[in-house]
Amino acid sequence: MKVTVENQGQSYEYTIPMQSFERASFKGRKSPSDYGLDARKILYVDAGIMGLPELDQMMKTNLNAKGMILDMRKYPRWDIMEVLGKYLYPQPTTFMWYSINSKKFPGNFGLDIIGKIGFKENPDYFKGKIAILVNEMTQSFGELMSVAYRVAPKSAVIGTQIAGANGHVGYLYLPRGIKFTYTMAGAFYPEWKLNQRDGVTIDIPVEQTVEDIAAGEDMWIRKAIEYIESKR
């Protein structure tokens, strides 16, 4: 490439050597449909985009499926738990405790909210295995619901370390219009096992090799299939 440089009224011609560059073509990750889930009698729920009528119909007509993959790797819809709460639990179940600072005794924290899911006694709940997929994109409400789905029978969390950013959001207004956002309530498993910072407890870790990534393999889906089809 030839360039002209002007400096203090003088012009200079330069030839700059170039190097050819070929951008590598992007290979996306395989989709869940590439893994033959229907033939395996495994349901797949993308908690971030699946519509409620579609989900309700799927659950209604597939209560005897071998298993379900609950993909929590996107931020989930807020209302999806209304449907899944009807089908996944034999009875109302506690899944999380929240602590919050006392207004009467500053500096003290106490149990403030007990989170429960499952609306009633339900003998006709989904009895297949449930694989809950998580990764670093599982944050906030996604973490809350991953913990909630984990208390369903025959469930397991499959994935990699998540954000550890669950809990109520608080605001502090500072001078010069600065708004400071922070987590104002502690989020714990029952009996005070830490959820914040630690994140959702992983039952089955996912590891990827360079070859897996190059081949577009979704190791989360593969681990989920392995779990659902195993004897354990």
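**A walk through the core, a strand and some rings**

Hi everyone, let's start in the middle. The largest nonpolar core has 38 residues, and L55, M59, L88 and Y149 touch the most other members. By nonpolar core I mean a set of buried Ala, Val, Leu, Ile, Met, Phe, Trp, Tyr and Cys residues joined through side-chain atoms within 4.5 Å. Buried means under 20% relative accessible area, exposed is over 50%, and partly exposed is in between, using a 1.4 Å probe and protein chains only.

Which elements build this core? At least two residues each come from strand 3 (42–46), helix 1 (52–61), strand 4 (67–71), helix 2 (80–87), strand 5 (93–101), strand 7 (129–134), helix 3 (141–150) and strand 11 (185–189). Helix 3 gives the most, with 6 residues. Helices (H or I, at least four residues) and strands (E, at least two) are DSSP runs, numbered from the N terminus.

A word on where this comes from: the model is predicted, so local features need pLDDT of at least 70 and side-chain atom pairs count only at pLDDT 80 or more, while totals for chains, interfaces and linings use all residues. Residues are numbered from 1 along each chain as its sequence is written, and side-chain values use heavy atoms, leaving out hydrogens and water.

Back to M59. Beyond its neighbours within four places in sequence, M59 is in contact (heavy atoms within 4.5 Å) with L43, M68, L84, Y87, L88 and F126. There is also a second, separate core of 17 residues, which includes L37, I204, I225 and Y227. In soluble globular proteins, nonpolar side chains tend to be buried together.

Now please find strand 7. Buried or exposed: what are its residues? Strand 7 is mostly covered, with 6 of its 6 residues buried. K129, A131 and L133 point one way, while I130, I132 and V134 point the other way. In a regular strand the side chains alternate between the two faces of the sheet.

Strand 7 has partners too. Strands pair if DSSP finds at least two bridges between them. Strand 4 runs parallel to strand 7 and is joined to it by 5 bridges, with I69 partnering A131. Strand 8 also pairs with strand 7 in the parallel sense, over 5 bridges. Together, strand 7, helix 3 and strand 8 make a right-handed β-α-β unit; with the strands pointing away from you, the path from the first strand over the helix to the second runs clockwise.

Let's zoom in on S155, which lies in strand 8 (residues 155–159) and stands opposite I130. S155 counts as buried because its relative accessibility is 7%. Its side chain reaches the backbone oxygen of R150 at 2.6 Å and that of A152 at 2.7 Å. Leaving aside neighbours within four places in sequence, S155 is in contact with I130, I132, Y149, R150 and Y227.

Last stop: the rings. The structure holds 6 aromatic pairs. Rings of Phe, Tyr and Trp (its six-membered ring) pair if their centres lie within 6.5 Å; planes under 30 degrees apart count as stacked, over 60 as edge-to-face and the rest as tilted. W78 and F141 are stacked, 4.1 Å centre to centre with 20° between the planes. W78 sits in the loop between strand 4 and helix 2, F141 sits in helix 3, and they are 63 residues apart. W78 is exposed at 57%, whereas F141 is buried at 5%. Ring pairs link Y75, W78 and F141 into a cluster.

Notes:
Polar contact = N/O pair within 3.5 Å; in protein donor to acceptor, adjacent residues only side chain to side chain.
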